[in-house]
Amino acid sequence: MAEHHPLGDIEYLRENLLKSYKLGFPILKELIQNAEDAGSTYFDYGWIDGIPEANHPLLKSPALFVLDNGKFTEENARSIRFILGGSSKPNQENTIGKFGLGLKSVFHLCEAFFYISPEIENAKKPRRFDIFNPWAEQDGDHYHEGWDNFSQDDCKKIQALLKPLLNREEYSSEWFILWIPLRQRTHSTQKSEEDGIPLGHIKYSDDDFFGNISPSFLDEETTKQEFALLLPLLHSLQTVRYWSRSLEQEKFSISIGASDRRYSSLSQQNQLLEPHSFKGNITISSESKIEFNFSAKELILDTPTFNDILSRPNFPSKFKHIKPHIAVVLSHWRTSPEKQSTLTIRNAVFLPIGSPSDLDISGKSSRSYCLTLHGYFLVDFARTGILGWNAEDYRINSQKVEGDDGDSLLKKEWNSALYEKLLAEVIPELKNLPESDITSVCQALKNSNLFKNNKESICSKWQFVYQVDRKSSQWTISPSQEEKRILKIPKIPEPVWEIASNFEDIAREVYLIQDNSPNLILSKRLNSWQDNDIIRIFAPPFDYGKVFTDSNVINFFIELLKSPSKELSYQLQKTWRQFLQKVFQETGIPTEAMGDSVRKAIALLDECNWFELKCCDSQLFQDLSREHLDILLIPQKFAPPSKSSPKISGNDAELLIPHLINYRERNLQQSKQLIQQVVEAIPSVEIPKFRQAVNNLKLVPGFNCRSNCKVFYSYIKIVGLQKQGLLFKDSSKNREFSTDIQIALREQTLVLVDEVIANKLLQEEVKNCDRSACLSVLQQKPELSEVENRTNLLERLLS
């Protein structure tokens, strides 16, 4: 029984402790930790419907059982009785945590729990089974009926139920059972409050009651994965198994190879004079098998920094035994095709601590990774965080903050120094992976807050670069202090070496590193591309006709152009525009598959340097592109998003219009649309010069009201018609009025024109053909046709 006032313990659980633990796998992790501390090699857990014939009411409910084969001592038994007030020896080197502390987390699931072990040899007060009930005082539980007595008969019923497991060889000598009745609404106290403190249950939201359903976290895929990632961090535990209802066959088991090497035990670390590498694999066996592979390196740092911290008089004496022990563990496993590969980065103090960071892995990797960074860090009371840890920055802050005392500052100083040394060991652990996997891991790692905020520490000793050469490219670890000039380059598709003849010469002259692999390197070690270097690459000899045949090629050039700066200089704008013009001249309209790449290429130019022509005829576009334009002409659907209305100079429009007029023979409607688009895009200030250049070209679509047919008119012609008052806007309504006027006129001809082109050329709005326009025509006293031809017009005017 808990030897505290129960309501104080309940409030403590509600307000403090349970907020330190998350529901789900963190509870199982704490139980695993206890098993590891006890030297267990097996850890079984499972969901049971309950024991209907049991005497204790809690045992009738569905329960979670935990069984391990670690040694359970009298001290452990005593620790359980006081778990709400402390735990067993914090100074024991071979214990990762504290036996009782993790057990507090089970109150996420229950109101009380039972434990059973074999007889404790030489125990002063042997008690091999008991109930831990935080609602009970020394004289019993006054809040629940029948919860005080955990009888030997009930104890035997639990053991009988678990007999299929207890009879196994691994449990022949040592075992420990934890029985956790899953919280039910029927587990409520007899009254709802006392002294203003709400009673009922320790936790009481709807999600805190489990009914007859197994908690999903017990066997979900993420739980299996977490177990597989956990085993390499332990020293003794070899197998985890999960059972549900029946104990005939486990639902899944997770095992580490018997000969695989793992962490040295803490008591053996004095012999770690050299770095200790270890590796192995974990097998998850369920409906199918999944293999987890891991490799790692651990070492104890021998530097004056840590000796100095430990020797300071105000460093807490109970931590004087700790060593600057660090390890980097990299695990990987295959993911199913429908799942995104990820890189998980997490901290550990022998076991994972805090919240991990998950990042998507780009590329074609079929594996996911977990990078575990272990250090013998000093942690908070509940073992939920490293002192000084900043989760957003992925750093340890050693500076003083509100609430820090001398002890706290020294602990944070230790943590910060240890973390910096730990990060310097990350890069060497990456070099043993296959090249394709190195690329995937580095890509995700470089995008992480860990790398962004700790680049100086990670790259303090080594840098990891992809050295590019046409004959052989490879990942290389090089000293961070190397002075060789470095230029970053995007991934080079093989055709680039043939298309851009000058590129191979440049590769021989400078040290290129692969950009999108990507490299783990300090920014200060990179040199900048100069405009002249890039201009040289695009200079002849160059096979322009192959650029739009491979998206990888154009994407490479796009990234290369952005190397000096995200915005191109004036000289590079000009070079890139002229380059794309030559490419379009050679290839015409690219395929739709190249669309995204082409749009990205054009987006590098300022909007004033390109013009999207809504043309889908490749031959026409190729003819237009061969004109010596001052702007890059872009085919339909290949333009990037635009922030302003498109513009084209009068000079460029003058060169395009004759081609578009000739195009009428092949596609009358599209010719009309293209001419309208070009004319509309000419700045008003350039219209007079443009009109003069094209004044005799028939580019204005119109409708001849006398011949009742469509006709194209020149600028000269529509100016004359306007002066005669015979030019009007073309619309269905105007055609009704114009028909009656035209019939009433003997000689003169009304013309209705496309208002967009006409308005642009005339630089004024063409009028509607309405009553007012009719009167204007008649005021000129034109010669009218016979009386019977004027009837409709007269009726329209009088209506």
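User: Where does α20 bend?
Analyst: Helix α20 bends by about 30 degrees at Leu656, the bend being the angle between axes fitted to the seven residues ending there and the seven starting there. A proline, Pro658, follows within four residues. Bear in mind that this is a predicted model, where local features need pLDDT of at least 70, side-chain atom pairs count only at pLDDT 80 or more, and totals for chains, interfaces and linings use all residues. Residues are numbered from 1 along each chain as its sequence is written, and side-chain values use heavy atoms, with hydrogens and water left out.

User: What counts as a helix or strand here?
Analyst: They're DSSP runs numbered from the N terminus: helices are H or I with at least four residues, strands are E with at least two.

User: Which residues of α20 are buried?
Analyst: Gly650, Asp652, Ala653, Leu656, Ile657, Leu660 and Ile661 are. Buried means under 20% relative accessible area, exposed over 50%, and partly exposed in between, using a 1.4 Å probe and protein chains only.

User: And what covers them?
Analyst: The cover includes α19, β25, α21, α22 and β26. Contact means heavy atoms within 4.5 Å.

User: Switching topic: what order do the strands take in the open sheet of four?
Analyst: The order is β27-β26-β29-β28, with mixed pairing. Two strands pair if DSSP finds at least two bridges between them. The edge strands, β27 and β28, each pair on one side only.

User: In which sense do β28 and β29 pair?
Analyst: That pair is parallel, over three bridges.

User: How do α21 and α25 cross?
Analyst: Their axes come within 9 Å and cross at roughly 35 degrees. Axes are lines fitted to C-alpha atoms, for helices over the stretch in contact, and angles run from 0 to 180 degrees between N-to-C directions. On the α21 side the contact is made by Ile675, Gln676, Val679 and Glu680, and on the α25 side by Val756, Ile757, Lys760 and Leu761.

User: Last one: is Lys637 buried or exposed?
Analyst: Lys637 is exposed, at 61% relative accessible area. This lysine is in the loop between β25 and α20, and its phi is near 75 degrees, a positive value in a residue other than glycine.

User: What about Phe350, buried or exposed?
Analyst: Phe350 counts as buried, because its relative accessibility is 4%. Phi of Phe350 is near 70 degrees, also positive.
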